[in-house]
Amino acid sequence: MAAADPATAASFSRLSFRRAVCPSPLRLPLSRTSPPGRLRVSSTVVALHKRNPKRLKYAAERQFKRGDTGMLRVKVEPSGEDFWKLDPVIDLINRGAVGVIPTDTVYSIVCDLSNNESIERLRRVKGIGDSKPLSILCRSLRDIDTYTTGFPRGTNQGQANIFRAVKRVIPGPYTFILPATKQFPKQCIRHGSSTRYAKRRQVGVRIPDDPICQAILQNLDEPLICTSVKYLSEDEWILDPVIIADLYEPLGLDFIVDGGPRIADPSTVVDMTGTNPTIIRQGKGPKLEWMVAEDEEEEAQSTFSFKAA
């Protein structure tokens with residue numbers, strides 16, 4: 001077999017070393033026999049799109065280019081049988097790239113949690129300001145406990161053990177809003193144009209039940225900052241990765257992982273910072289018995305206030 005290109009092989013050295021010392025069921029295999037030309041990233045693995053200079057006037061500058069071509073596109077089977085194609089994507093994320101990956105709901109724009117420059121580029125690509133909060137895609141409950149105060153474990157005074165209930169639904173199509181800790185980057189919860197930050201430091205956390213998304217997360221050292229992919233002028237999710245590539249590639253997107261079209265259901269958002277877990281957006285995840293709808297929570301608060309008066 002011909003030797004792999006030295007430059008390309010070097011780009012995968014860090015990932016291969018991490019897989020060797022941190023094995024996981026979702027780690028990309030080391031000894032798998034791959035098709036000839038795999039390390040050369042042949043046209044069967046990625047499709048490269050040329051950029052239109054006339055459309056780049058207000059685009060965020062792309063940080064990673066492959067010669068004179070533009071965005072890297074990797075097509076992966078939804079079943080995850082060809083995870084080895086994700087090697088260049090994971091390498092780009094570790095180097096600070098901003099790209100799009102599938103989840104168990106809709107596609108998300110993602111970047112490295114600890115790279116402040118990448119977070120600012122993500123905001124420019126999406127076209128959102130500092131007042132828009134960002135969520136994180138987590139690898140495990142340990143990540144959630146690191147970057148938030150975690151789920152209530154229950155007390156002897158009768159407080160419900162929400163942690164036990166949440167464990168039954170994750171990974172899954174839910175976003176849980178929790179108080180953020182100091183480990184969570186300020187750039188993700190900043191409000192307004194001043195340097196002051198919101199008094200209520202909160203963040204949405206997700207553990208998606210998607211094999212492609214899980215394979216990417218399990219080969220990273222940190223969670224990913226994320227925001228859903230929408231049309232630039234409409235509040236509507238884009239479900240087709242081909243359309244996403246056409247719209248966002250000129251804006252400076254570095255890569256896209258094509259896992260096939262998604263369904264038109266975002267995650268269900270549950271606010272865990274109040275008295276009861278409250279659904280503030282109903283999505284793909286069903287309402288469970290320990291959750292209350294937002295109008296139910298308001299009604300309960302009104303009843304309580306009336307009785308207290």
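Me: What covers the buried residues of α4?
Reply: The cover includes β4 (108–112), β8 (224–228) and α8 (241–248). This is a predicted model, where local features need pLDDT of at least 70, side-chain atom pairs count only at pLDDT 80 or more, and totals for chains, interfaces and linings use all residues. Residues are numbered from 1 along each chain as its sequence is written, and side-chain values use heavy atoms, with hydrogens and water left out.

Me: Which residues of α4 are buried?
Reply: In helix α4 (residues 116–126) they are S118, I119, R121, L122, R123, V125 and K126. Buried means under 20% relative accessible area, exposed over 50%, partly exposed in between (1.4 Å probe, protein chains only). Helices (H or I, at least four residues) and strands (E, at least two) are DSSP runs, numbered from the N terminus.

Me: What caps the N-terminal end of α4?
Reply: N115 does, with a side-chain oxygen 3.2 Å from the backbone nitrogen of E117. Just after the helix, G127 has a positive phi of about 80°.

Me: Switching to the core. How many residues are in the largest nonpolar one?
Reply: It has 46 residues, and F176 and I225 have the most contacts inside it. A nonpolar core is a set of buried Ala, Val, Leu, Ile, Met, Phe, Trp, Tyr and Cys residues joined through side-chain atoms within 4.5 Å.

Me: Which elements supply at least two residues each?
Reply: β4, α4, α5 (141–147), α6 (162–167), β6 (174–179), β7 (202–206) and α8. The largest share, four residues, comes from α6.

Me: And what does I225 touch?
Reply: Leaving out residues up to four places away in sequence, its contacts include I109, V110, I119, L122 and F184. Contact means heavy atoms within 4.5 Å.

Me: How much space lies in the largest pocket?
Reply: About 920 Å³. The lining has 38 residues, and K132, P133, L134, S135 and R281 lie nearest the pocket centre. A pocket is an open set of points on a 1 Å grid over the protein atoms alone, where a 1.4 Å probe fits, with protein on both sides within 12 Å along at least five of seven lines; lining residues have an atom within 4 Å of a point.

Me: Which element gives the largest share of that lining?
Reply: β7, with four residues.

Technical notes:
A polar contact is a pair of N or O atoms within 3.5 Å; within protein, one must be able to donate a hydrogen and the other to accept it, and residues adjacent in sequence count only if both atoms are side-chain atoms. Grid points are joined across faces, edges and corners, and a volume is the space filled by probe spheres set on the points.
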